[in-house]
Amino acid sequence: MMTNLLLDITSATIDWSRAQFALTAIYHWLFVPLTLGLAVIMGIAETCYYRTNKPFWKHVTRFWQKLFGVNFAMGVATGIILEFEFGTNWSNYSWFVGDVFGAPLAIEGILAFFMESTFVAVMFFGWDKVSRGFHLASTWLTGLGATISAWWILVANAWMQYPVGQEFNPDTMRFEMTSFMDVALSPFAINKFTHTVTSSWIIGATFVVAVSCWYLLKKRETQLAKASIKMGAGVGLIATLLAAMTGDNSAYRVAQVQPMKLAAMEALYNGGNGESLTAIAAVHPFQQPDYENEQEPAMRIAIPNMLSFLATRTADGYVPGVNDILKGYTKEDGTREPSVQEKIARGKKAIVALKTYRETKAKDQLPILRENMKYFGYGYIKDAKELVPSIPICFYAFRLMVGVGCLLILFFALSLFLVYKKEIAQYRWFLIFAIIMIPLAYIASESGWIVAEIGRQPWTIQDLLPVSAAISDIEAGSVATTFFIFLALFTTMLAVEISILVKQIKKGPEYE
């Protein structure tokens with residue numbers, strides 16, 4: 001049961017379970033963004049074919065669809081394993097919030113995945129068997145299905161970051177959904193979806209431009225390469241600008257509901273009004289800084305008042321730092337945010353009240369439980385320092401994401417300029433640079449997820465359930481064994497996919 005779970009589970013089990021889930025999620029995210037990004041590219045290409053009826057555009061479409069298919073299959077395989085881990089390694093989490101968390105996952109599996117898997121068959125095997133209009137619709141619906149699938153997954157993840165639309169039932173020991181619309185359309189979910197999907201379009205666009213530049217380096221498939229660069233760079237430039245806008249709004253939402261994550265991202269130890277945005281600072285990359293005694297990181301270069309503006313939409317707004325959050329602070333609206341020690345005390349009250357009610361059915365415990373349920377998860381925290389995520393990881397991952405994102409804006413703008421105004425094939429340095437941008441774009445994408453997930457530690461559900469109370473009661477050795485099995489399996493899958501993609505790219509489009 002929730003009230004005594006921590007007595008039975010070792011720290012090794014917790015660490016290995018977290019490591020295994022992180023491994024699976026990181027590998028899965030290598031495949032998903034390319035799927036979403038290529039879906040847009042092949043949809044645009046086939047639309048050009050539908051409007052012009054030129055065989056060239058059909059060849060372009062089928063070429064990118066072939067690469068999409070290879071990647072799509074790998075993404076499905078890793079995604080299934082990822083979802084199964086909620087039952088194998090995180091069964092207590094699944095029991096505690098399954099009524100809420102399970103709903104978007106079920107919709108994703110029944111509706112979205114069914115939709116994309118149905119139309120993907122028409123897209124690949126329906127050429128010359130269905131009308132051009134129906135085939136075009138199938139191509140776009142395949143991409144739409146993949147995007148809707150991402151929507152429900154991101155709704156589930158956003159709920160973990162910002163739990164809304166639920167109520168705890170002490171009789172069943174479960175959170176139960178009270179408003180599906182609050183869960184599905186929370187501001188956090190909308191922002192996470194728009195930012196994640198636009199970042200996926202960037203991955204697809206970078207891949208298309210890079211492959212096309214490789215063809216130009218090899219002096220082959222010139223027409224396809226130039227046409228694809230125009231599509232890819234156009235999609236990429238729009239996507240990077242949208243990602244910057246949605247990223248700004250995401251940071252604002254994080255500031256409202258996850259202030260500790262923002263403080264870790266900025267290495268902000270002591271907050272205040274009119275806080276500056278750190279451009280770069282010498283944060284030790286391998287150890288947690290002494291935030292209790294340091295005023296700010298060494299060699300800090302910052303933009304005055306910018307952090308306050310991003311977090312509060314006013315230049316002199318108050319932004320709490322790590323120490324303020326631990327000790328308690330007064331919010332902009334005048335309300336007081338309790339200290340961590342107060343939250344821990346209230347969390348323990350909630351746990352005791354729940355245990356007493358479960359044992360005695362004493363109704364007088366329910367008001368105590370309801371009053372303190374907001375801080376239920378804090379009752380499992382033994383040391384306030386557990387609530388400070390890894391500052392070095394959050395700090396540098398955030399800057400990698402933003403830095404590469406800015407570079408991508410310039411990259412796509414330059415791609416469009418060279419392909420429209422210059423003879424792009426003459427700029428060998430740019431063609432090589434475009435290929436280098438593929439791993440850089442992936443690093444930025446993975447860094448964004450690292451910030452999102454490491455930044456909310458130690459919570460599986462923000463403020464309600466820490467990882468130490470969410471995992472399955474299994475042997476650490478079993479989890480470690482499967483970790484290395486998955487590591488070998490996923491690495492092999494990735495190597496196989498890269499090998500197939502490279503062979504298909506070298507082979508080039510198939511002309512009828």
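Predicted model: local features only at pLDDT ≥ 70, side-chain atom pairs only at ≥ 80, totals over all residues.
Helices, in what follows, are DSSP runs of H or I with at least four residues, numbered from the N terminus. With that convention, Thr147 has its place in helix H4.

Beyond residues up to four places away in sequence, Thr147 touches Leu36, Phe193 and Val197.

I turn now to the overall division of the chain. There are domain 1, covering 20-266 + 393-507, and domain 2, covering 272-380. The centres of domain 1 and domain 2, taken over C-alpha atoms, are separated by 31 Å. To their contact, domain 1 contributes 26 residues and domain 2 contributes 33 residues.

Next, the nonpolar cores. The largest of them has 85 residues, and the members that touch the most others in it are Tyr93 and Ile391. Which helix gives the most to this core? That is helix H4, residues 132-161, with 10 residues. Domain 1 and domain 2 each supply at least three residues to this core. As for Ile391, once its neighbours within four places in sequence are set aside, its contacts are Ala264, Ala267, Tyr269, Val283, Gln288, Pro289, Tyr291 and Val322. Another core, of 67 residues, lies apart from the largest one; among its members are Tyr49, Val70, Phe483 and Met493.

Helix H2, residues 55-88, packs against helix H15, residues 476-507, at an angle of about 170°, and their axes are 9 Å apart. Because of that angle, H2 is roughly antiparallel to H15. The residues that meet include Val70, Met74 and Ile81 from H2, and Phe486, Met493 and Ile500 from H15. By class, the residues of this contact divide into 14 nonpolar, three polar and three charged.

Finally, some backbone details that deserve a look on the screen. Gln457 and Pro458 are joined by a cis peptide bond, with omega about 10°. Pro458 sits in the loop between helix H14 (428-454) and strand S9 (459-461). Glu221, which is not a glycine, has a positive phi of about 50°; its location is the loop between helix H6 (187-217) and helix H7 (222-257). Met299 is another residue other than glycine with a positive phi, near 55°. Where is Met299 found? It is in strand S5, residues 298-303, and at 70% relative accessibility Met299 counts as exposed.

Methods:
Residues numbered from 1 in each chain as written. Heavy atoms only, no water. Axes fitted to C-alpha atoms, helices over the stretch in contact; angles between N-to-C directions. Helix = DSSP H or I, 4+ residues; strand = E, 2+ residues; numbered from the N terminus. Parallel < 35°, antiparallel > 145°, perpendicular 65-115°, else oblique. Contact = heavy atoms within 4.5 Å. Nonpolar A, V, L, I, M, F, W, Y, C, P; charged D, E, K, R; others polar. Core = buried A, V, L, I, M, F, W, Y, C linked by side-chain atoms within 4.5 Å. Buried < 20%, exposed > 50% of the residue type's maximum accessible area, 1.4 Å probe, protein only. Domains from an automatic or database assignment.
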